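Hello,

Here is the structure we spoke about. Please open it alongside these notes.

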Amino acid sequence: MDTPHTAQFSQTDSVDLVLHTAREQFLVSPQEETRLWIKNTEGSCERLCNTRVTVLDAALKTGQVVVMETQNKDGTWPSAQPHDMSSTLEEEEEFQGQPGICGLTNLGNTCFMNSALQCLSNVPQLTEYFLKNQYLEELNFCNPLGMKGEIAQAYADLVKQAWSGHHRSIVPQVFKTKVGHFASQFLGYQQHDSQELLSFLLDGLHEDLNRVKKKEYVELCDAAGRPDQEVAQEAWQNHKRRNDSVIVDTFHGLFKSTLVCPDCGNVSVTFDPFCYLSVPLPVSHKRVMEVFFVSMDPRRKPEQHRLVVPKKGKISDLCVALAKHTGISPERMMVADVFSHRFYKIYQLEESLSSILDRDDIFIYEVSGRAAIGENSREDVVLPIYLRERTPARDYNSSYYGLMLFGHPLLVSVPRDRLSWDALYHILLYRLSRYVTRPTSDDEDDGDEKADLEDKDSLPKPGHVTEGSSQDPGLEQAGPSSRVMSGSRAPVDNSPGPSHWPQRARRKHLFTLHTVNSNGTSDRSTFNEDTHGVSFSSQPYIAIDWEPEMKKRYYDEVEAEGYVKHDCVGYVLKKAPVQLQECIELFTTVETLEKENPWYCPTCKQHQLATKKLDLWMLPETLIIHLKRFSYTKFSREKLDTLVEFPIRSGAWGGWLGAGVRWGGRQGLGDGGAIDINPCHTHRDLDFSEFVIKPQNDSARELYKYDLIAVSNHYGGLRDGHYTTFACNKDSGQWHYFDDSSVSPVTENQIESKAAYVLFYQRQDVARRLQTQASSSKPPASSACGAPPKSEFTDVN
């Protein structure tokens, strides 16, 4: 720290003069960057960002202490570094690598931010704009829509550090704090979308660097039959009257929007600016669903099936698809969602398949089809069956027992004329016969005495099966039932009368039966009794309760959990890759507005579901294409993992890569790495000439050819995922893979993947222009050398 200097200034002098004087007195070289701080009486410092204001406007008083801070040669500022990082800084300053090949530390779920920053940092003309300090003359501190220049300055510091060549990786903590300050949605450390952060950053940089200091009111005008070229030129001029920045110069384009009223036929044409294109992916109308089929035949294990159904289909479509595999009529199927050993939902045939998520466990049960759904005269009813085990509770009362659900629930058909507890016991015993062993004659003899005592207690109890009958349990073979409907008759939780109970026989029973609610957690007694028998006022659920000893002795858990895979499970439905051009064509197709977003027709004087068509009129220097992989509907959310094949580079592209690269070969780089470029890549330049409707000259067709420079990738699903970046270094032409703080060289063949999410394309004429500028000028001195870090004090009188 040098000795403080004192200088005198008039109140009308600019703060920029104060900075210039300080640089002269402390002999700071022109290549070094500096900034001013105001030291308060409490000892704290406040940044003096706007140097274009006067000493009076900056509230500088006589005797005010002003601190001038000099930037380190690695792009960092001394005030932003903790005191205990001095040794780390010395190591970083000694490191010399390729500028721009610098990772970003993950601060905790900030990979989305790192990916967006790496993509933007590798846009050549934008990075040069910040490295050459052109942004300092255009900072807009008074824009009410901006962030007082803080976002632009934080981003500039980040770019200078990354492109200093002195860092393997940097910590974007200051930038993260600034973003969270101005955009509360990015506060904390939750995972976000890289495209959303990119959208905020582009808008924030634009407003912080907007050359228009006072925005004038501009009235939007409709075409009203005028020629498109006239309307488009007027729209772009109006846009530039309010928005003029390096972001507009680099990323903004113009598209034509055409709305047609379905009633009066009124056509509205407007031209609107855009910063990026969000293009949809061609979505398959089919959906693959995995289900388990449970046959009425107890000897058959459940079968796992993989079915292809319409994405917007109904439950009945699922049954029809399964019928092709099993030969069972769809009318004899019931579909249920099983969760935690109980029925989460039993579906009706007309319900939409969109209510079923891919992670749901769907079981389709074969039932009787002897009657149509909803007919009161049907012969069968279907009962949902739960399995429960009686377990001692953890308390001091050993007589208290709890009940715990286990196994897979069943939907069992019961003939109406066999609705008794005794008949139901044998029906269920038959359905469970694959994994439940019947008692032998020795078991029955051993249990006679115990059964006699239990029968005396259980006969009066309503939900308890006391004995089995000698009848053959073949009623399932007669045909189980169709559906479970409200009002169907079934065994109830109260004894319907002694005449309905069978005569006691000396046979050992394996389990007891009770009516329960849909959760299987409590008994219920919602029943009605009439002269025809017993009927429920709501859907009955039956629980099979096992004693632990009986379950251990007669219930085979391994066999009960067994299932087989149908041949269709081995089939893999391959998704055909789509071309990026197909996505752009889909973006420009005619669509009808949704009910939630109608258009107000000035002729009809009411909101209409008009048809809308977007066309590309003018494209920017750098085109950002956002692939809409995340699909959100009223009932479902999904990520589309379709492979989109996109062009990498032009077949005629020769000079833009710069030194260090040769076609079709390998050449060593400064750090000992190698680059391998395939000259026979199947995808060439992205040609937009067929999509731009603005009249073109033959010579202007070259203005619509683009080369890829960066890709933001997203791996994973909706709930969790990870963002990375592929980017082409503007100096070496080498592609690198940025995974937070890790950076590694890659070849072009590795770039295209299902994870590609946001694509950055550079117009070829811009690439040639930048190459010419780079060859005629030397690299910035600040990237190669600099003075030692120091801080200076200046007294202002």
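Predicted model: local features only at pLDDT ≥ 70, side-chain atom pairs only at ≥ 80, totals over all residues.

K551 lies over the face of F406, 4.7 Å from the ring centre. For this, NZ of Lys or CZ of Arg must be within 6 Å of the ring centre and within 35 degrees of the ring normal.

Residues are numbered from 1 along each chain as its sequence is written, and side-chain values use heavy atoms, with hydrogens and water left out.

Now the aromatic pairs. Rings of Phe, Tyr and Trp (its six-membered ring) pair if their centres lie within 6.5 Å; planes under 30 degrees apart are stacked, over 60 edge-to-face, the rest tilted. The count comes to 24 aromatic pairs. One of them is F130 with Y135, a tilted pair at 5.3 Å centre to centre and 40 degrees between the planes. Both F130 and Y135 are buried (under 20% relative accessible area; exposed is over 50%, partly exposed in between; 1.4 Å probe, protein chains only).

F271 and W617 are edge-to-face, because their planes stand at 75 degrees, with ring centres 5.2 Å apart. This pair links distant parts of the chain: F271 is in strand β8 (residues 267-274) and W617 in strand β27, 346 residues apart. Both F271 and W617 are buried. Ring pairs also link F292, F343, F363, Y365, Y386, Y541 and Y563 into a cluster.

Strand β27 (residues 611-618) pairs with β7 (residues 253-260), antiparallel, over seven bridges. Strands are DSSP E runs of at least two residues, helices H or I runs of at least four, both numbered from the N terminus. Pairing needs at least two DSSP bridges. L254 has M618 as its bridge partner in β27. Strand β24 (residues 591-592) also runs antiparallel to β27, joined by two bridges. There, E591 is partnered by K612.

T34 lies in strand β2 (residues 34-39). T34 is buried, at 15% relative accessible area. The side chains of T34 and R23 make a polar contact of 2.8 Å (N or O atoms within 3.5 Å; within protein, one must be able to donate a hydrogen and the other to accept it, and residues adjacent in sequence count only if both atoms are side-chain atoms).

H509 is in the loop between α13 (448-458) and β18 (511-516). H509 is buried too, at 11%.

Best wishes
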